[in-house]
Structures are given as C-alpha cells and as structure tokens.
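Welcome! Work through the exercises below with the structure open beside you, and try each task before reading its solution.

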Amino acid sequence: MKFKQVISYKNSSDQKSLLIIEPWAEQYSIEPGDKVDITGEGGDSSLGFDIQHAGDMLIVFGWVDSIIKVWRNGVEVAPSKQI
C-alpha cells in the first residue's frame, strides 16, 4: 500500500501567509481565511511531514521520495513565482 499523509492549514490571520514546501523551495501565498490541504505520497511509510512555523510562514518539509501537492477547494494549486 502506498503511504499517504494529508494535513490541512487555514490562515486565520488578517494578513497573507507564505507556505513553503521543502526541499523544493516551492512557495504558495495563502490569503486570509483560505484553507489548503497539503498531501504527500510515496517514499518510506515510517516518515512523514516535518512542520515549522516562523512569523507569517509555514514551512512543510517532505520526506525522501515523497511527492507533495497543495490543494485549495479540491483543485491543485501551482506554486507562486519566486522573486
């Protein structure tokens, strides 16, 4: 059976927050009140997400051989363009 993990994140603040998916450095802008689901599949089933919070950023680390996707309202979200 393929390992899968899902976590949900809601930006409950009144300002944008930044979701960063590592180790790929993918960035997602999360508007106030928005909720996203972060899914990870594949790799070693003994591993899972590692999550860090820093100011207005949520940093989610995938595990070895994982495929991470971000969803909003059931639709996959593309990463924001990096500066």
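Keep in mind that this is a predicted model.

**Exercise 1. Find the order of the strands in the open sheet of 4 strands, and name its edge strands.**

Solution. Step 1: Follow the sheet across, and you read the order β1-β4-β7-β8, with antiparallel pairing. Step 2: Look for strands that pair on one side only; these edge strands are β1 (4-10) and β8 (75-76). Step 3: Zoom in on β8, which pairs with β7 (residues 67-72) in the antiparallel sense over 2 bridges. Here R72 stands opposite V75 in β8.

As background, strands of a sheet pair through backbone hydrogen bonds, either parallel or antiparallel.

**Exercise 2. Decide whether the pair formed by the rings of F49 and W63 is stacked or edge-to-face.**

Solution. Step 1: Take the distance of the ring centres, which is 5.1 Å. Pairing requires centres within 6.5 Å, and by this rule the count comes to 1 aromatic pair. Step 2: Take the angle: the planes of F49 and W63 stand at 70 degrees, so the pair is edge-to-face, because angles over 60 fall in that class. Step 3: Place the residues. F49 sits in the loop between β4 (35-41) and β5 (50-54), while W63 sits in the loop between β6 (57-61) and β7, 14 residues apart. Both F49 and W63 are buried.

**Exercise 3. Locate the 2 salt bridges and say which parts of the chain they link.**

Solution. Step 1: Remember that side chains of opposite charge can pair when their charged atoms come close. Step 2: Start with K16 and E31, whose side chains meet at 3.7 Å, N to O. K16 is in the loop between β1 and β2 (17-22), and E31 is in the loop between β3 (26-30) and β4, 15 residues apart. Step 3: Go on to D34 and R72, which meet at 3.4 Å, N to O. D34 lies in the loop between β3 and β4 and R72 in strand β7, so this pair ties together parts 38 residues apart in sequence. Step 4: Check accessibility.

**Exercise 4. Describe the surroundings of S80.**

Solution. Step 1: Find S80 in the segment after β8. Step 2: List its contacts; leaving out residues up to four places away in sequence, S80 touches Q27, Y28 and S29. Step 3: Look at S29, whose backbone nitrogen lies 3.5 Å from a polar atom of the side chain of S80. Step 4: Note that S80 is partly exposed, at 31% relative accessible area.

Notes: Residues numbered from 1 in each chain as written. Predicted model: local features only at pLDDT ≥ 70, side-chain atom pairs only at ≥ 80, totals over all residues. Heavy atoms only, no water. Pairing = 2+ DSSP bridges. Buried < 20%, exposed > 50% of the residue type's maximum accessible area, 1.4 Å probe, protein only. Contact = heavy atoms within 4.5 Å. Polar contact = N/O pair within 3.5 Å; in protein donor to acceptor, adjacent residues only side chain to side chain. Phe/Tyr/Trp six-rings, centres within 6.5 Å; stacked < 30°, edge-to-face > 60°. Salt bridge = Lys/Arg side-chain N within 4 Å of Asp/Glu carboxyl O.
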